[in-house]
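Here is a short briefing on charged side-chain pairs. Look at the chains first, then read the points below.

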Amino acid sequence: MPAPLANNRQAQTIEALMAEHGDGILRLCYLYLKDVQLAEDAFQETFLRAYQALPKFKGTSSVKTWLYAIAANVCRSEYRKKKPLAFSDCTLPEAGYEPAMGEDDTVVRAVLALDEKYREVILLFYYSDMSVKDIARALHVSSSAVTVRLSRAREKLKKDLKEWYFDEPIETGCG
Amino acid sequence: MNRLKQAADNALRDLTVSPALREAVWNRIREEEASAAPRKGRKWVAVLLAAVLSLLAVFPAAAAVSPTANNWLFALSPSLAERLYPVNRTVTENGIALTVHYAANDDRRAMIFLTLCDTQKKNRLAADTDLMDSYSLKGAGSHIACTSELLQYDSDTQTAVYCLSLAGHKRLSGKMTVLSLLRFMSGKTVQEYYNTGFACGAYATEKEAATTLQKVKNRGAVGYDQVLSDDTPLLETDQTEIAIPGFEPAVISNIGYLDGKLHIQTRWSASFDNHGSLCLVKKGADAMDEDNTIEPAGVQYRTAEDEAASDGSVYQKHIEYIFPVSPQELAQYDLWAEYTLDGTVTEGEWEVNFRLEQAESRELTVPASLASSATVSTLGLDVGGSRAGTEALAEVQLTGGDTIAVKPLLVDKSLSQLLSDSSDLSYTFPAPIDLNDIQTITLDGTCIYQKDANSAPGGTTSER
């Protein structure tokens, strides 16, 4: 039987976060790393880091933003360590995952086909609902760099996602 | 939700967190906790309670309660409690678990952090739980005076966190110390001062003295030397029984004038700690102030009947309030009263043995114009020969931006200091601090310590 955790309150908090955001975090990791097994590894690492960092969380951002920022940094580290295969033909990877029956996977394919630095800002902005400012903080880059990457990523996606194209302005100051 | 997210979630809707994946997360966390190696040396960690509260404010769904001592201890490191004395020593009596979590001494002051937890969830603890002075510390062969402060109460886990503060001493560290607790009380009823509407004048006639102050037993007096003396006359006890409207803990047992002063004698029914007071306030006043209020001198004592009605720690008593007011003046005043009634008392014989750890300390280099010496420990700051003034504020900035501002609690002046206008100032932190987390320390606005990333911090570290 595993040893009980030393801090029940911390454990309860993490359990609640997993229940609330677990699926979103797992899908984010998959979209970033393009491999289910890698995504699950990144998922575990994300919540381990969240558990350890929980006492230091000061509430300067929302919980979700904080958690997704951790996931993004985990994925970056994992990506750079393992460098999964690139998919030049926009097909879904052979990573043990198939899209849900009857669902259009155009968006997923298009996002997966992006270069890593564009994919991560697209995922953090559109999938994780983070502001430019929070993305910049999470990725340790400037807000203007994030804005530029988002613009270029949107241009690239525009070609493949004509009917999905979204025209929301990218606000640099919100957070 | 934007369309990209919606489309992605639809396509990936079968990609969800499985129970196996969830369990894998917990296995990772447990493995990390189990393998976390103790840091070198004795490293104290601490957090300001306010920082912990702000953390909880952003997790309302998950943890909308005050932090327990476990949260406090884990604020910076999950494996913290493993390294702290006395490693969570617990004793459970009557379903109440008393746990000593942390105890340290820096020779000037000592702190012990403990929790009481109602393991039976009977709501016997609360945000006002009072240890009733029924606790005692024994160490280094003698009783140690200490004070207690309730820091936090967690209603979900029914856990109260306390800090015991005591004077430090070289002999305290490493020695076996015994903390005993006999009872605590929760849920007291507090009635602030109110106008009772009681017509004192209708009852206040001239009386004859039955005895004097020096003759009553088990007495205590308020106003002795100013108003009272051994020869102060007192009324005959229990000559009447008149209720004061709204005053629950006691009745008037005699009332009248002796030696030109109004005496209101009250009999208090047996209690652990019911207490209160009476005042005369000018008629028509909405609130009490110095100009409109006459406060009494008072004599508290126990008669033989009181002793017979008492049982262990539950006492019946008499209090005679003595007002320097003439009958003519009395007509201009109303009788006001305030009181506190016992709450629920829980008894037990909790006793925990533990050792106080010697707190890490560091001597600082201070400007000679400001002080002769300064030492910071995980528990506080001591400044010798300070010229900064006895009200000088000390501010400690920690990693992460938190700042502790502390006023001196103890000021000593040696004979030579009386002439040089310098003082020894002691500052006690509200919670223990990791010395490595200190960024700056300022005294009266002057920086006396700054952590410099490019060079060793000023001063030397010591652990005695």
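What follows covers the salt bridges of a predicted model.

Side chains of opposite charge can pair when their charged atoms come close. Over all chains, the structure holds 20 salt bridges. A few of them are set out here by chain.

**A pair within one helix, chain A**
- Glu45(A) and Arg49(A) form a salt bridge, with 3.1 Å between the closest N and O atoms.
- Both residues belong to helix α2 (residues 36-53) of chain A. They sit four residues apart, about one turn of the helix.
- Arg49(A) is partly exposed because its relative accessibility is 32%.
- Glu45(A) has a relative accessible area of 17%, so it counts as buried.

**A pair between distant parts of chain B**
- Asp238(B) forms a salt bridge with Arg267(B); their closest N and O atoms are 3.1 Å apart.
- This pair links distant parts of the chain, 29 residues apart. Arg267(B) lies in strand β15 (residues 261-271) of chain B. Asp238(B) lies in the loop between β12 (233-234) and β13 (242-243) of chain B.
- Arg267(B) is buried because its relative accessible area is 19%, under the 20% cut-off.
- Asp238(B), at 32% relative accessibility, counts as partly exposed.

**A further pair and a network, chain B**
- Arg302(B) and Glu307(B) form a salt bridge, the closest N and O atoms being 3.0 Å apart.
- Glu307(B) has a relative accessible area of 34%, so it is partly exposed.
- Asp106(B), Arg108(B), Arg109(B) and Asp382(B) are joined into one network by salt bridges that share partners.

Conventions: Residues numbered from 1 in each chain as written. Chains lettered and ligands numbered in written order. Predicted model: local features only at pLDDT ≥ 70, side-chain atom pairs only at ≥ 80, totals over all residues. Heavy atoms only, no water. Salt bridge = Lys/Arg side-chain N within 4 Å of Asp/Glu carboxyl O. Helix = DSSP H or I, 4+ residues; strand = E, 2+ residues; numbered from the N terminus. Buried < 20%, exposed > 50% of the residue type's maximum accessible area, 1.4 Å probe, protein only.
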